[in-house]
Amino acid sequence: MTRTSVDDTRHPWRLMAAWANRARSPFALVLGFGAAAASVIGVGITAHGSLRWTSIWLYLLIVAVTPAFAVLFALLRWLVERPRRRPQPVWRNRPRSFFFDWVVIWAAWVPVWLSGWPGFWCYDARIAYQSAREGVIDTALPPLHTFLATGVEAQVAAWTGHHNYGIAAWTLLQSLVVAGVFAFTLRRLRAWRAPRVVRWGSLAYFALFPTIALFSLNWARNTLYSALVLALAVCVVDAVKDPRRRRWWLIGLLALAAVTMRRDAIYVFAVIAVVVALARQPARKALAICFGGAAIVGALIDPVVYRGLLDLAPGSQRVAYSLPLQQLARVYNDTADPMTPDQRRLLEWYVSTEALEAYRPQLADPVFVGASDRRLESGSKGLIRLWARVGLEHPRAYADALAAATVQGWLPGAVIDAYSTAGPAGLYPTTGTSYFCYATERPGTATPKGPAFLHRAYAAFSHESRVPFETPIVAWLWSPGTYLWVFVFAFGLSWAWNRRGRQTAFWPVGMLVLATCVPIFAGPAMLVRYFLALFYCLPLVAAFLIDPRVYALPTGAAGR
């Protein structure tokens with residue numbers, strides 16, 4: 001691997017020449033072109049809602065911006081690869097360090113919890129509670145999470161006579177689990193000899209960052225799923241770095257638990273198993289077996305356990321068609337280049353006219369709620385053929401629909417406001433955002449117990465004010481797109497090192513976290529809770545960027 005020598009760092013002209021060489025490298029050019037395309041397309045689609053995809057000026061602008069991003073990525077690569085003269089620290093692993101971190105993190109969340117007492121019972125919580133109460137639980141929502149959350153809530157509510165205490169009990173249980181995963185991560189960072197700034201910075205980040213605190217105290221299944229992804233990533237690093245810590249049973253158990261929280265994890269882990277098996281990576285066979293086995297078992301849980309043994313009704317599959325229906329609805333409403341009458345009639349057989357006319361670029365809910373489950377199930381092949389045929393005839397409208405539906409997930413600084421103008425009445429203000437659902441839905445009642453100013457501040461941050469998300473630079477802190485590009489850069493760098501024979505234990509971590517994000521872009525909306533794994537796993541990528549030696553493999557470990 002080409003490195004900047006110590007003498008280069010003392011001569012500005014040599015240093016500039018080294019940066020120029022790095023900027024011309026395939027790594028910097030590829031990432032630079034991707035970032036330039038994302039910026040130009042993202043800004044254009046956000047400002048105008050549509051782009052002239054056949055215009056040569058669009059692509060000339062992307063090419064013109066590419067060198068600036070290439071130089072930026074080259075500079076970041078130089079900062080990561082620069083020689084470290086200071087030896088790695090050696091920390092004394094004290095038994096109480098785990099409990100200290102655990103208590104500090106959870107205690108820092110208590111004021112947030114009190115300001116939103118009894119907890120943020122939202123994000124489909126009302127649907128799950130009503131289904132459990134009526135005994136008609138289906139597989140639309142992960143049944144295991146529904147059983148756990150509603151079971152704890154109902155049992156404590158029966159003991160105490162108040163649903164708020166049941167919601168508080170589940171919030172307490174979940175937050176303790178998540179804080180324990182964070183403390184476990186910090187303990188492993190200490191064992192990997194991470195710099196002090198990484199460990200203490202990660203402790204402050206887990207304890208004080210608003211996004212972490214809010215989502216760790218809410219009902220959504222994405223909270224536990226993201227915590228499982230973080231724990232899984234830490235265990236994978238341990239397995240790759242140290243043969244003595246290869247607890248395959250734990251990796252397999254965490255992967256299996258993850259697929260019970262999100263169904264798309266089945267496909268994600270299946271792909272990861274294939275990639276890991278083909279990669280030149282330590283312990284690749286065992287890792288492939290763990291991920292592949294979890295995917296197979298997860299695929300069998302639904303037909304064998306949920307619908308077979310428990311006799312649960314199959315859930316609605318309309319959300320799986322979110323992106324195709326969005327693209328078809330955009331063409332349906334395009335007066336300049338409309339569908340043929342036959343295509344319109346066929347689409348209206350699947351989706352009601354009212355739903356198609358309610359199309360909103362950044363939210364699929366108004367469209368897919370008007371689709372017929374029975375017709376989608378019986379005529380899925382016909383819908384796919386219609387989607388492909390219309391796409392070939394209207395590629396520009398499809399590209400506009402894809403960019404508009406996903407821009408809030410990959411553009412740094414994009415405002416998350418998919419539900420702010422189209423959500424349920426009263427849930428989000430029309431002038432605010434949909435960053436977080438700061439609410440307690442039925443059967444609970446929001447009764448804030450903390451300071452009033454703290455309650456107002458978190459409510460404003462969650463969905464009332466757009467100022468934090470429209471302030472330059474500051475907006476990047478809350479944006480999933482920022483964290484996505486950080487992981488893309490780190491994963492790309494570790495991949496480049498792997499190709500040159502310098503292997504690190506970060507490569508499978510970056511692949512795992514990024515792979516969990518891929519299915520989100522085919523979903524109904526770009527919400528922060530879907531990208532929560534990026535926020536939870538940030539300390540892992542920070543350790544890699546600040547000191548790559550944290551993930552260095554022992555001598556002779558490569559290829560085992």
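1. Buried residues of α14. In this predicted model, helix α14 has S322, L323, L325, Q326, Q327, L328, A329, R330, V331 and Y332 as its buried residues. That is 10 of the 11 residues in the helix, which spans 322–332, so α14 is largely enclosed by the rest of the structure. The list includes R330, Q326 and Q327 along with L323, L325 and L328. The buried residues of α14 pack against α15 (341–350), α16 (353–357), α17 (365–368), α19 (380–393) and α20.

2. H394 sits in the loop between α19 and α20. Both of those helices are among the packing partners of α14. Is H394 buried or exposed? The relative accessible area of H394 is 5%, so this histidine counts as buried. Setting aside neighbours within four places in sequence, H394 is in contact with V331, D337, P338 and M339. One of these, V331, is itself a buried residue of α14.

3. Overall fold. The chain is helical: DSSP assignment gives 27 helices and zero strands. Its 560 residues have a radius of gyration of 24 Å. A compact globule with that number of residues would have a value near 24 Å, so the chain agrees with the globule rule. Along the principal axes, the C-alpha atoms fill a box of roughly 70 × 65 × 50 Å.

4. Burial and contact range. Of the 560 residues, 53% are buried. Take the contacts between residues at least 6 apart in sequence: 78% of them join residues at least 24 apart.

5. Surface and charge. The accessible surface of the chain comes to about 25000 Å². Carbon and sulfur atoms account for 65% of that surface. The chain carries 55 positive and 29 negative charges.

6. W507 and its surroundings. W507 belongs to helix α25, residues 506–517. At 2% relative accessible area, W507 is buried. Which residues does W507 touch, not counting those up to four places away in sequence? The contacts are V275, A279, Q281, F491, S494 and W495. A490 is 17 residues from W507 along the chain, and the two C-alpha atoms are separated by 8.5 Å.

7. Cis peptide bonds. W117 and P118 are joined by a cis peptide bond, with omega at about 10 degrees. P118 lies in the loop between α4 (96–115) and α5 (125–134). A cis peptide bond also joins R442 and P443, where omega is about 10 degrees. P443 is placed in the loop between α20 (395–410) and α21 (452–464).

8. Positive phi at D124. The α4–α5 loop that holds P118 also contains D124. Phi of D124 is near 70 degrees, a positive value in a residue other than glycine. D124 has 28% relative accessibility, so this residue counts as partly exposed.

9. Positive phi at R193. R193 is not a glycine either, yet has a positive phi of about 65 degrees. R193 is in the loop between α7 (163–191) and α8 (196–208). Relative accessibility is 33%, which means R193 counts as partly exposed.

10. Cysteines. How many disulfides does a search of the whole structure find? The count is zero. For C290, the closest cysteine sulfur is in C235, at 10 Å, and that is too far for a bond. C290 is buried, at 11% relative accessibility.

11. The C437 and C122 pair. C437 is in no disulfide, and the nearest cysteine sulfur, that of C122, is 3.5 Å away. C437 counts as buried because its relative accessibility is 2%, under the 20% limit.

Key. Residues numbered from 1 in each chain as written. Predicted model: local features only at pLDDT ≥ 70, side-chain atom pairs only at ≥ 80, totals over all residues. Heavy atoms only, no water. Helix = DSSP H or I, 4+ residues; strand = E, 2+ residues; numbered from the N terminus. Rg over C-alpha atoms; globule rule 2.2 N^0.38 Å. Buried < 20%, exposed > 50% of the residue type's maximum accessible area, 1.4 Å probe, protein only. Contact = heavy atoms within 4.5 Å. Areas by Shrake-Rupley, 256 points an atom, 1.4 Å probe, with all protein chains shown as cover. Lys, Arg positive; Asp, Glu negative; His and termini not counted. Charge placed at Lys NZ, Arg CZ, Asp CG, Glu CD. Disulfide = S-S within 2.5 Å.
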